[in-house]
Amino acid sequence: MAGMRGKQTVRGMFQSMAVICAFAGVIYLFVPHDENADPLQPVDYRVELVTAQRAAPYPVLAPEGLPEDWRPTSVSYSRQNDDSWHLGYLTPEREYVAVEQSTAPAGKYIVKVSHEARDTGEVQQVAGRPWQRWEGPKYDALVLREDGVTTVVTGTASFERLGEMAAALKAKQG
């Protein structure tokens, strides 16, 4: 008799577990959760931007007038690291676009921030300025080399989106 009771207890436990799991599944279905909700909250980068603009030996660029569905996700400025400015965004399609600027030697810097992209030799005119088109296995990039600073707009997004970001970039007139 005792053996039977043991089996029933185990069976009862499994039945209870099944009920609990089913109940949890039903709750999950009815609790509103947005599949597209991003755990990434948009970053407010104004403080970092002002700091970088004061500290950097070049005009630090940030986008102005991008639509609301472009979301800033990361920001950093490192004086020690060749005055490197970084601003990361998600496009409306949830592709990644980063603005990278630095006084570092251009060749190595571009390859590093674009994850091994290479110069295609093509030029994309953006707001009247010639940006070089680089293509890579992971990121593509638009590159603008100026005196003392290299600006790279790079990421998983299309060249069209990279161009939109590049066109929106402005330096604060201090």
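# Briefing: strands, helices and ring pairs

Let's start with Val152, which sits in strand β8, spanning residues 149-155. This is a predicted model.

**Val152 and its surroundings**

- Is Val152 buried or exposed? It has 0% relative accessibility, so it counts as buried.
- Leaving aside residues up to four places away in sequence, Val152 touches Ala98, Val99, Glu100, Tyr109, Ile110, Val113, Ala141, Leu142 and Val143.
- One of those contacts, Ala141, is 11 residues from Val152 along the chain, and the two C-alpha atoms are 6.5 Å apart.

**How the strands pair up**

- β8 pairs with β7 in the antiparallel sense, over 7 bridges. Arg145 has Thr150 in β8 as its bridge partner.
- β7 and β8 make a hairpin with 2 residues between the strands, and Gly148 in that hairpin has a positive phi near 80 degrees.
- β8 also runs antiparallel to β4, and 6 bridges join them. Here Ala98 has Thr154 in β8 as its bridge partner.
- β4 is antiparallel to β3 as well, with 6 bridges joining the two. Ala98 turns up again in this pairing: Gly88 stands opposite Ala98 in β4.
- The β3 and β4 hairpin has 5 residues between its strands, and Arg94 in the turn takes a positive phi of about 65 degrees.
- Why is β4 described as largely enclosed by the rest of the structure? That's because 6 of its 7 residues are buried.
- Gln132 stands opposite Val143 in β7, and the β6 and β7 hairpin has 4 residues between its strands.

- Which residues of α2 are buried? They are Leu49, Ala52 and Ala55.
- Looking down the axis of α2, these buried residues fall within an arc of 140 degrees, so they line one face of the helix.
- That buried set packs against β1 (61-63), β2 and β3.
- Turn to the face of α2 pointing away from the buried side and you'll find the exposed residues Arg46, Val47 and Arg54.
- α4 (residues 159-168) is mostly covered, with 7 of its 10 residues buried. Those are Phe159, Arg161, Leu162, Gly163, Met165, Ala166 and Ala168.
- Phe159 has a charged residue over its ring: Arg133 lies over the face, 3.8 Å from the ring centre.

**Tyr77 in strand β2**

- Tyr77 lies in β2, which covers residues 71-78.
- Its contacts, not counting residues up to four places away in sequence, are Ala52, Ala55, Ala56, Pro57, Tyr58, Asp83, Ser84 and Trp85.
- What does the side chain of Tyr77 meet in a polar contact of 2.8 Å? The partner is the side chain of Asp83.
- A polar atom of the Tyr77 side chain also lies 3.4 Å from the backbone nitrogen of Ala56.
- Tyr77 and Ser102 are 25 residues apart in sequence, with their C-alpha atoms 9.6 Å apart.

**Aromatic pairs**

- How many aromatic pairs does the whole structure hold? A search finds 2.
- Tyr45 and Tyr89 have ring centres 6.3 Å apart and planes at 70 degrees, so this pair is edge-to-face.
- Tyr45 is in the loop between α1 (2-30) and α2 (46-55), while Tyr89 is in strand β3 (residues 84-90), so the pair ties together parts 44 residues apart in sequence.
- Tyr45 counts as buried because its relative accessibility is 11%, and Tyr89 is buried too, with a relative accessible area of 5%.
- Tyr96 and Tyr139 form a tilted pair, with 6.0 Å from centre to centre and 45 degrees between the planes.
- Tyr96 lies in strand β4 (residues 96-102) and Tyr139 in the loop between β6 (129-135) and β7 (140-146), so here the parts tied together are 43 residues apart in sequence.
- Tyr96 is partly exposed, with a relative accessible area of 21%, whereas Tyr139 is buried at 11%.

Terms used. Residues numbered from 1 in each chain as written. Heavy atoms only, no water. Buried < 20%, exposed > 50% of the residue type's maximum accessible area, 1.4 Å probe, protein only. Contact = heavy atoms within 4.5 Å. Polar contact = N/O pair within 3.5 Å; in protein donor to acceptor, adjacent residues only side chain to side chain. Phe/Tyr/Trp six-rings, centres within 6.5 Å; stacked < 30°, edge-to-face > 60°. Lys NZ or Arg CZ within 6 Å of the ring centre and 35° of its normal. Arc of directions from axis to C-beta. Pairing = 2+ DSSP bridges.
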